[in-house]
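Here are my notes on the model you sent over.

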Amino acid sequence: MPIVMRLDRMLAQRKITSKELAERVGISAVTVSCIKRGRVHGIRFAQLEAFCQVLRCKPGDLIDYVEPEGPSRRAL
């Protein structure tokens, strides 16, 4: 998938654990882990906003687009 979550990088830069982020945002640590590993099909804007507030960043710091390679690209 060309959309990549960079939450793990931001957590490392801010020296915040997934568990601490989960507590401060008000969601489960399992949910943070799934988002961090890119194992979700979507994220709520309220969660994204809360992540940005806690981590003092912008949505683009957490979400990235990686250009797909080769013939696996889908036509829009």
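1. Read along the sequence, the chain runs β-α-α-α-α-α-β, which gives five helices and two strands. Helices here are DSSP runs of H or I with at least four residues, strands are runs of E with at least two, and both are numbered from the N terminus. Please keep in mind that this is a predicted model: local features need pLDDT of at least 70, side-chain atom pairs count only at pLDDT 80 or more, and totals for chains, interfaces and linings use all residues. Residues are numbered from 1 along each chain as its sequence is written, and side-chain values use heavy atoms, with hydrogens and water left out.

2. On overall dimensions, the C-alpha trace spans about 40 × 20 × 20 Å along its principal axes. Of the 76 residues, 29% count as buried; buried means under 20% relative accessible area, exposed over 50%, and partly exposed in between, with a 1.4 Å probe and protein chains only. Among contacts (heavy atoms within 4.5 Å) with a separation of 6 or more, 62% join residues 24 or more positions apart.

3. Helix 4 deserves a view of its own. Its buried residues are Gln47, Leu48, Ala50, Phe51, Cys52, Val54 and Leu55. These buried residues pack against helix 1, helix 2, helix 3, helix 5 (59-62) and strand 2 (63-65).

4. How do helix 2 and helix 3 pack, and at what angle? Helix 2 (residues 18-25) and helix 3 (residues 29-36) meet at about 115°, with axes 8 Å apart; the axes are lines fitted to C-alpha atoms over the stretch in contact, and angles run from 0 to 180 degrees between N-to-C directions. Ser18, Leu21 and Ala22 of helix 2 make the contact with Ala29, Val32 and Lys36 of helix 3. By class, that contact has four nonpolar, one polar and one charged residues.

5. Serine 18 belongs to helix 2 and counts as buried because its relative accessibility is 16%. The side chains of serine 18 and lysine 36 are joined by a polar contact of 3.1 Å. A polar contact is a pair of N or O atoms within 3.5 Å; within protein, one must be able to donate a hydrogen and the other to accept it, and residues adjacent in sequence count only if both atoms are side-chain atoms. Outside its four-place neighbourhood in sequence, serine 18 touches Leu11, Val32 and Lys36.

6. The loop between helix 1 and helix 2 is worth a look. Is isoleucine 16 buried or exposed? Isoleucine 16, which sits in this loop, is buried because its relative accessible area is 10%. Leaving aside neighbours within four places in sequence, isoleucine 16 is in contact with Leu11, Leu21, Arg24, Val54 and Leu55. Lysine 15 lies in the loop too, but counts as exposed at 74% relative accessibility.

7. Two backbone angles to check. Most residues other than glycine have a negative phi. Lysine 15 has a positive phi near 55°. Arginine 56, which follows helix 4, also has a positive phi, near 55°; arginine 56 lies in the loop between helix 4 and helix 5 and counts as exposed at 62% relative accessibility.

8. Finally, arginine 6, in the loop between strand 1 (3-5) and helix 1, is buried because its relative accessible area is 18%. Its side chain makes a polar contact of 3.3 Å with the side chain of aspartate 64. Beyond four places in sequence, the contacts of arginine 6 are Asp61, Leu62, Asp64 and Val66.

Methods
Nonpolar A, V, L, I, M, F, W, Y, C, P; charged D, E, K, R; others polar.
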